[in-house]
Amino acid sequence: MPVKKLALFVEGQTEFIFLREFLVAIAGALKLRIEGTQLKGGTLFSVFARGFPLDDAEFVVVLFNCGNDGKVASAIRDRYEKLVSDGFTSILGLRDLYGEGRTRNDLHALLDGLKPFLPNDPVESRIIIAVMEIEAWFLKELYNFSRLDPKLTSDFINGTFGVDLTNFDVHEIAHPAGLIDAIFNSVGLRYRKRLDEVEGLVSRLDFEKLYLEDRDHIPALNELLTEIDYFLLTA
């Protein structure tokens, strides 16, 4: 069977690391190859390759770290013709809303503004918005905090920070990474989106729970996973 190819453009380090580890975790017996590239000054640099060798792979996912949310759409547009000529049949972008004074109420306006900018012939390209920040998805994964420190129970977090992790809409959190930093700081740790901190946070996630359960409560996550499912599970 011909190799299926997915290009996934992300705004930064956190999304890049999360998708790298998530794809490895869900690959199972699939002959999947994952490649990571970093965009700097208009030039792409290879960062990693995991999974099956290119000659043996049936699925190839290339992650593009754009380094800035505002560059995701332009990076897709700039590389669209080359991707299509290289046989990519799925082209996605992932970014968030955080910054420049935006709120969740700006979601539809941002999507509407991006649509005319994205090429769609012959292959559709689209961008998924993780609402305020991708860290909101991690807040739903309760075990992350209690595994970090037994003190960080859902009751403690609710009492201290006013967020009931057992029953809340992740999209209501205006600055999810800041909330995670505050929670971590309560036990003497920090989360400032540095490489080692992102690696540590992602390593504690329960990917199976995110994939099978949490997606039902997080529309943007479900949208992304539905696209990945379609890519991996359809002929």
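Is Glu199 buried, partly exposed or exposed, and what is its relative accessibility? Glu199 comes out as partly exposed, because its relative accessibility is 29%, which lies between the 20% limit for buried and the 50% limit for exposed. Keep in mind that this is a predicted model.

**The chain as a whole**

Let's step back for a moment. The chain has 10 helices and 6 strands. Its C-alpha atoms fill a box of roughly 55 × 40 × 35 Å along the principal axes. The radius of gyration is 18 Å, and a compact globule with 235 residues would have one near 18 Å, so the two agree. Of the 235 residues, 49% count as buried. If you take the contacts with a separation of 6 or more, 73% of them are between residues 24 or more positions apart.

**Charged pairs**

Side chains of opposite charge can pair when their charged atoms come close. The count here comes to 13 salt bridges.

| Pair | N to O distance |
|---|---|
| Arg20 and Glu21 | 2.6 Å |
| Arg20 and Glu199 | 2.9 Å |
| Lys209 and Asp214 | 2.9 Å |

Arg20 turns up with two partners, Glu21 and Glu199. Arg20 counts as buried because its relative accessible area is 10%, under the 20% limit. Salt bridges with shared partners join Arg20, Glu21, Arg50 and Glu199 into one network.

Arg20 lies over the face of Phe48, 5.9 Å from the ring centre. Arg50 lies over the face of Phe48 as well, at 6.0 Å from the ring centre.

Now for the lysine in the table. For Lys209 the relative accessible area is 12%. Setting aside residues up to four places away in sequence, Lys209 touches Lys140, Glu141, Leu142, Tyr143 and Asp214.

In soluble globular proteins, nonpolar side chains tend to be buried together. Here the largest nonpolar core has 54 residues, and Phe18 and Trp137 have the most contacts inside it. Helix α10 (residues 219-233) gives the most to this core, with 7 residues. There is also a second, separate core of 26 residues, which includes Phe9, Leu39, Cys66 and Ala75.

Which residues does Phe18 contact, leaving aside neighbours within four places in sequence? They are Ile134, Trp137, Phe138, Val202, Leu205, Phe207 and Leu210.

**Aromatic rings**

A pair of aromatic rings is described by the distance of the centres and the angle of the planes. The structure holds 11 aromatic pairs. One of them is Phe22 with Phe207, an edge-to-face pair at 5.9 Å centre to centre and 65° between the planes. Phe22 lies in helix α1 and Phe207 in helix α9 (residues 207-212), so this pair ties together parts that are 185 residues apart in sequence. Phe22 and Phe207 are both buried.

Another pair is Phe145 with Phe184. Their ring centres are 6.1 Å apart and the planes stand at 80°, so this pair is edge-to-face. Phe145 is in helix α5 (residues 143-148) and Phe184 in helix α7 (residues 176-185), so the pair ties together parts that are 39 residues apart in sequence. Why do these two count as buried? Phe145 does because its relative accessibility is 0%, and Phe184 does because its relative accessible area is 4%.

Finally, back to Phe18. Phe18, Phe22, Trp137, Phe138, Phe207 and Tyr211 form one aromatic cluster. Phe18 and Trp137, then, are part of this cluster and have the most contacts inside the largest nonpolar core.

Definitions and conventions. Residues numbered from 1 in each chain as written. Predicted model: local features only at pLDDT ≥ 70, side-chain atom pairs only at ≥ 80, totals over all residues. Heavy atoms only, no water. Core = buried A, V, L, I, M, F, W, Y, C linked by side-chain atoms within 4.5 Å. Buried < 20%, exposed > 50% of the residue type's maximum accessible area, 1.4 Å probe, protein only. Helix = DSSP H or I, 4+ residues; strand = E, 2+ residues; numbered from the N terminus. Contact = heavy atoms within 4.5 Å. Salt bridge = Lys/Arg side-chain N within 4 Å of Asp/Glu carboxyl O. Phe/Tyr/Trp six-rings, centres within 6.5 Å; stacked < 30°, edge-to-face > 60°. Lys NZ or Arg CZ within 6 Å of the ring centre and 35° of its normal. Rg over C-alpha atoms; globule rule 2.2 N^0.38 Å.
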